[in-house]
Amino acid sequence: METDTGPLELWEPAPPAFVHALPALLEVYTAAMDPPPEQLPGRRTIMEQHARHPRFKAVLALRPAEAPGASGTEAGLAGFAYGFHGHRGQWWFDVVTEELRRRDPAAERRWFRDTFEVAEVHVRPAMQGHGIGRTLLERLTAARPERAAVLSTRTGSTVARRLYGSCGFVDVLPEFSFPGSPDQPFAIMAARLPLRGRGGRRRSAGRSRGWRWTG
Ligand SMILES: CC(C)(COP(=O)(O)OP(=O)(O)OC[C@H]1O[C@@H](n2cnc3c(N)ncnc32)[C@H](O)[C@@H]1OP(=O)(O)O)[C@@H](O)C(=O)NCCC(=O)NCCS
């Protein structure tokens with residue numbers, strides 16, 4: 001993949017390789033999300049558990065060490081995304097569908113019967129705004145067997161919400177607080193698969209945008 005920040009390779013690690021790469025992933029997560037440091041061990045445990053979920057898929061955007069100008073942290077992971085098949089018995093799936101059944105049972109039936117849960121999408125701050133997040137999301141959701149993709153994201157006018165909206169995600173719960181975090185409102189969003197491309201067209205499964213894919 002060629003960006004104006006140089007070449008990037010996309011890599012889909014199998015779950016064991018994903019777990020092995022967690023220190024680098026958490027470094028990007030921390031730079032992108034700025035979470036309280038005490039939350040990081042718990043986040044790592046959650047990501048390890050996610051890697052065991054059915055039909056787990058991850059995509060990593062890597063800057064080759066030999067890329068022109070690549071040095072230090074820039075010669076590594078630019079961003080990552082991952083998700084898995086959502087089903088009953090998973091914490092996120094259960095709390096969201098329980099609330100949706102109360103507020104909008106038709107939406108629960110429409111979006112959560114055959115679902116790919118997009119768990120994380122993050123790009124290193126220095127590399128944001130160059131199309132990497134969109135490319136990760138498109139590659140992550142390409143060729144999925146599920147009918148819909150779902151995710152949670154902070155409410156408000158964020159870059160993430162713009163990206164998801166432009167891919168066809170709509171609010172199914174515009175404001176939702178997860179148990180234990182009453183002061184952090186999230187929007188629950190869902191989209192039909194395959195996702196809509198930037199121009200509004202649905203993408204066929206597979207490659208997109210003419211990027212030079214590697215990995
Ligand atoms: C959200 C995030 C993953 C998007 O990745 P990115 O590489 O920065 O985004 P892209 O360059 O692919 O841009 C995707 C879309 O976002 C919007 N966007 C990107 N940068 C923007 C900016 N500075 N201002 C407004 N909108 C912007 C545009 O609509 C863009 O669409 P376009 O391709 O038609 O221009 C990334 O910004 C990030 O990691 N943010 C912090 C962590 C986070 O919020 N993660 C998501 C948690 S749910």
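Me: What makes up the shell around the ligand, by class?
Reply: In this predicted model, the shell has eight nonpolar, eight polar and three charged residues. Gly counts as polar in this scheme.

Me: Which residues of the shell come nearest to the ligand?
Reply: Of the 19 residues around the ligand, the nearest are Gln-128, Gly-133, Arg-134, Thr-153 and Ala-160. Two or more shell residues come from each of α2, β6, α6 and α7 (159-166). The largest share, five residues, belongs to α7.

Me: Why is α6 called largely enclosed by the rest of the structure?
Reply: A residue is buried if 20 or more other C-beta atoms lie within 10 Å of its own. Nine of the 10 residues of α6 are buried, so α6 is largely enclosed by the rest of the structure. Among the buried residues are Ile-132, Gly-133, Leu-136 and Glu-138. After α6 comes Ala-143, with a positive phi near 60 degrees.

Me: What makes a set of residues a nonpolar core?
Reply: The members must be buried, belong to a list such as Ala, Val, Leu and Phe, and be joined through C-beta atoms within 7 Å. The largest nonpolar core here has 46 residues, and Phe-80, Leu-136, Ala-149, Val-150, Met-189 and Ala-190 touch the most other members. Elements that each supply at least two residues include α2 (22-33), β5 (77-86), α6 (132-141) and β9 (186-192). With six residues, β5 gives the most to this core.

Me: Which residues does Ala-149 touch, not counting residues up to four places away in sequence?
Reply: Ala-149 touches Phe-116, Val-118, Thr-141, Ala-190, Ala-191, Leu-193 and Leu-195.

Methods:
Residues numbered from 1 in each chain as written. Predicted model: local features only at pLDDT ≥ 70, side-chain atom pairs only at ≥ 80, totals over all residues. Buried ≥ 20, exposed ≤ 12 C-beta atoms within 10 Å, placed from the backbone. Helix = DSSP H or I, 4+ residues; strand = E, 2+ residues; numbered from the N terminus. Contact = placed C-beta atoms within 7 Å. Near = placed C-beta within 6 Å.
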